[in-house]
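I set out to record what can be read from this model, entry by entry.

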Amino acid sequence: MSEERSDRRSYNQVLPILRRLLRLLAPYRSRMLLSLFLTGIAAVVPLATPRLIGIAVDRWNNGAFPEALLFPAIGILVVEVVSLILRHFKEYCSQTLVERMVFDLRCMLFARVNRLPASFYEKSPTGKLATRILDESRAVELHFLGVLSALVVAPVSLIGIAVVLSMIDWQLVAWAMLPVPLLYLLIALSARSIRRVGRLVRDRSESLSSTLHEQIAGIRTIQLLGGEEAEQDRFAGRAADYRSARGEMANVTSWYYPALGLFMGLGTVIVLLYAVWSGSGREMTGGEIVSFIVYLGYLYGPLVSLSGANHALQ
């Protein structure tokens, strides 16, 4: 029951934290909108590639070689070049945006720490404070950029892929969506474990960094009192705790991501079996079949990205 209350409390804390981070972006509203726009366009443009591949396959099967393959080849090249340019500007805008936000965050945290009473520093290790100001702002820099991209790219990609697949065969799309509840169930069941172990890793990392900072800062006193071995044992204990937490994280993720891959592959198997059983595959050209299978590989990616964004927020 207490674990459930903790999970509910953590979910209730996510939105306020996200709102506070978004307030840091208020001075850079125009740059943020430009970054979101480029991110959305960069997610849509590559969706043309599988269709161009399908056109090339159909022309190959019809014996239109080599002249008729020139258009799909040039089209794929144009799509890749445009995607490269869009990704470049998107990454530049996003990185500079987050760097400015993190700069403001670090200055705000340091100003807040400076205003705390002296009694606070007597109870809080300086190493842990330094870790919180530097490392956690760095974590915001890494995770916030990924979350921001996922919240924009995933819905745009999912809608675009669903529309393109429906234009080919909407019934196959319906069958392809059958593994989605299983994916959601897996994500929901694993979220608590990943969140718990992730926090354990963070706490153990902070403890290890704090111990190292304190030992280096007081190395002269340690050597004067002959406490080198005791401090080495203390540091080894912190390092062993951190290694244990990382091992627990590896144990969770080693099952989670392969299971995601299994359910994603299950969708392709279901579609192919239905196409054979219903005979709808006979009505599709070879190029459409190739395009459909490639798009299926894209279909579940946005769902996984959204789950990763949820884990990062937790």
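**Confidence.** I looked first at pLDDT, since the model is predicted. The average over the chain is 76, and 77% of the residues score at least 70. I then compared the elements of the chain: the lowest mean pLDDT, 56, belongs to helix α1 (residues 2-24), and the highest, 85, to α4. I noted a stretch at residues 1-11 where pLDDT stays under 50. For that stretch the model has 12 contacts beyond four places in sequence.

**Overall fold.** Read along the sequence, the pattern is accordingly written α-α-α-α-α-α-α-α-α-α-α. Of the 314 residues in the chain, 34% are buried. I looked up the accessible surface as well, which comes to about 18700 Å², with 65% of it belonging to carbon and sulfur atoms. Among contacts with a separation of 6 or more, 87% join residues 24 or more positions apart.

**Helices α2 and α4.** I next examined how helix α2 (residues 29-44) packs with helix α4 (residues 70-114). The angle between them is about 145 degrees, and their axes are 9 Å apart. The crossing of α2 past α4 is left-handed. On the α2 side I listed Arg31, Met32, Leu34, Ser35, Leu38, Thr39, Ile41 and Ala42. These meet Leu86, Phe89, Lys90, Cys93, Ser94, Thr96, Leu97 and Arg100 in α4. By class, the residues of this contact divide into nine nonpolar, four polar and three charged.

**Thr49.** I then turned to helix α3 (residues 48-61), in which Thr49 is found. Is Thr49 buried or exposed? Its relative accessible area is 10%, under the 20% limit, so I record Thr49 as buried. Which residues does Thr49 contact, leaving aside its neighbours within four places in sequence? I found Ile76, Val79 and Glu80.

**Asp58.** I looked up a second residue of helix α3, Asp58. The relative accessible area of Asp58 is 16%; buried means under 20%, and therefore Asp58 also counts as buried. Where in the sequence are the residues that Asp58 touches, not counting those up to four places away? They are Thr285, Gly286, Gly287 and Glu288. Asp58 and Gly286 are 228 residues apart in sequence, yet their C-alpha atoms are 6.1 Å apart in space.

Note on methods. Residues are numbered from 1 along each chain as its sequence is written. This is a predicted model: local features need pLDDT of at least 70, side-chain atom pairs count only at pLDDT 80 or more; totals for chains, interfaces and linings use all residues. Side-chain values use heavy atoms; hydrogens and water are left out. Helices (H or I, at least four residues) and strands (E, at least two) are DSSP runs, numbered from the N terminus. Buried means under 20% relative accessible area, exposed over 50%, partly exposed in between (1.4 Å probe, protein chains only). Contact means heavy atoms within 4.5 Å. Accessible areas come from the Shrake-Rupley method with a 1.4 Å probe; for residues, only the protein chains shown count as cover. Axes are lines fitted to C-alpha atoms, for helices over the stretch in contact, and angles run from 0 to 180 degrees between N-to-C directions. A crossing is left-handed if the near helix is turned anticlockwise from the far one by less than a right angle, and right-handed if clockwise. Ala, Val, Leu, Ile, Met, Phe, Trp, Tyr, Cys and Pro count as nonpolar, Asp, Glu, Lys and Arg as charged, and the others, Gly among them, as polar. pLDDT is the predictor's confidence in each residue, from 0 to 100.
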